[in-house]
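Student: I should like to learn how to read the features of a structural model. Could we work through one together?

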Amino acid sequence: RQPATACVSAWRLSPGGLVMKEVRQKRSADSDGFYSGRHMPRDRIAGRALLKRTLKVGSAVLEIGGHFKRVSLKHRIRFEAPQGTFSGANAASAGTRYEKYSLAKTLGEAIRLGVSEEDLVFHLRRGFLRWVPELRATKVTKPLPPCEWPPGIREADDRQRPFWLPEDWAQGVKTTCKTFLPVYIAPNGKTYYHRPTIEKIVMRQLGGLEGMREHAFKVLSEARDWSEEKVRFDPDSKLFACLSKQERACLPSVDEFHFCVVSARRASERTGIRGIVNVQSRLLASGAHPRWYVDEGSVQAYRALGLDAVVGGKLCPSRNRALHDAARMGKVCVQISDDIIRWSYYRGALHDLRGTCGGDAAQMLKRANELAKSDDMLTVSPVAAARFLLAKMRAAEGGPKLGGVYPTGNAAMGLLSGSPVSSDGFILGDFFVADSSPCRFDESITLKEDYDFTCSHLQRHGCVLRANRLILQATHESNPGGAVAERDSKGIKERNNIKILMHKWPGVFRLHGTRGDTQITMRWKRREQS
């Protein structure tokens, strides 16, 4: 085969000083990225070091059929390489070693007689190494401890472990590399850098959609997040300390809620699966057991992740079924989008920013951004956020039946709103609490349905409750599936739904002044004046 070339950048000294030049390096075109037994074996220094350690522990870790197994050095073996096996490059040295170690009766004796690490791989891959009477080995299930790693590698404390990395492999970083290159350590102590190479070694695909599903099922069964870490929140008591005495008296228990996640077509998409794990793990960690309302075509994919999934239909029918189920159970409905990253509450400076900044808009925005970046922010659980909202709703004047969060992820804008709560503001559909009410979603509306639902509550009950310091971080504008799949690139569907809203609620909605004709602003007071 013809050798391939690779271009790398390197510093070279020239008369004008150091310059960066591309250097063409040759590499073997038929390289597997590891020794696979396709070529004649060699006696490498690193391989001898690995085998030297096995003599101390009394067993060797060998890769057999894509699995790493621990074999006793007392295990009886027999080499049966046919005549003519050793030919081509490195054949002479490989044949000379074979004449010595082929007489060995046990694995340990073969090592002492000079078998190299590549020799063992060569014979195992080609079936020339026989176990007498049959292989007796223990499968390796845990990664190699750091004390047994090769030199020049340390633990990767600041790096997330890749979900696709097999459980018996370890992850570290090269201390001899300026960029601290990630390195993966096999159970036998050998090191590799790329997933395709590891896939060849373990003889199966790692990662991919099926691998993501398996990982999602595993971490959710342990109530952990995607990186296999425990989900952590600030204590609920810190959030509830922001309630008044009257509101704390109305604080509900977790059992009073029916937690519903409305989703569609996300369990078969990479980004969607990560989002599902993010939301479900946070609900489980905070004591909730949510039900997922999904489209009919995806329900089995959601259940395969270990979720309690039922068919809800399209967006508004799913929302209405969740409201119906909650009413049937006599519980408060909490509806949650499937791509929320974090729930946060900003305690800082609930005083009037306009008064402190003298009405200067630029100074108000600067001050609000400073407060948003301060440490006076709580990371709260979805259950604590729902309890917080319902306590405020039940203690509020007018008896609102719908409560929600600030509609954007911009905490500074929430602080600029002045009041910690609003009684006639838009309630975002990504996370809301709906107490007992006959209001339902209009199923003729396919987008911006939460605007219509807010207006229905304002018309029926006279008020809603929006906590302007409670902020969500979500990816629903770019995450595939869900409501994003309902939008079209030209915005035709958005405009059609805006027309429905403007006709149904005259005067309440206007096109956004700076964000084009697919975004709107809502002001309920304008309807009263029209």
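Tutor: We shall consider confidence, then a pair of helices, then the nonpolar cores.

Student: What is the mean pLDDT of the protein chain?

Tutor: Where pLDDT is low, predicted coordinates should not be read in detail. This model is predicted, and the mean pLDDT of its protein chain is 87, with 88% of residues at 70 or more. Over residues 1-10 the pLDDT falls below 50, although this stretch has 30 contacts beyond near neighbours in sequence. Residues 22-29 also have pLDDT below 50, with 23 such contacts in the model.

Student: At roughly what angle do the axes of helix α6 and helix α9 cross?

Tutor: A packed pair of helices is described by the angle and the distance between the axes. Here the axes of α6 (residues 208-221) and α9 (residues 270-285) cross at roughly 0° and come within 10 Å. Because angles under 35 degrees count as roughly parallel, α6 is roughly parallel to α9. Among the residues in contact are Leu-209, Met-212 and Ala-216 of α6, and Ile-273, Val-277 and Leu-284 of α9.

Student: Which residues have the most contacts inside the largest nonpolar core?

Tutor: In soluble globular proteins, nonpolar side chains tend to be buried together. The largest nonpolar core here has 95 residues, and those with the most contacts inside it include Trp-169, Phe-259 and Phe-509. Helix α14 (residues 382-395) contributes the largest share of this core, nine residues. Apart from this core lies another, of 27 residues, including Val-71 and Leu-107.

Technical notes:
Residues numbered from 1 in each chain as written. Predicted model: local features only at pLDDT ≥ 70, side-chain atom pairs only at ≥ 80, totals over all residues. Heavy atoms only, no water. pLDDT = per-residue confidence, 0-100. Contact = heavy atoms within 4.5 Å. Axes fitted to C-alpha atoms, helices over the stretch in contact; angles between N-to-C directions. Helix = DSSP H or I, 4+ residues; strand = E, 2+ residues; numbered from the N terminus. Parallel < 35°, antiparallel > 145°, perpendicular 65-115°, else oblique. Core = buried A, V, L, I, M, F, W, Y, C linked by side-chain atoms within 4.5 Å. Buried < 20%, exposed > 50% of the residue type's maximum accessible area, 1.4 Å probe, protein only.
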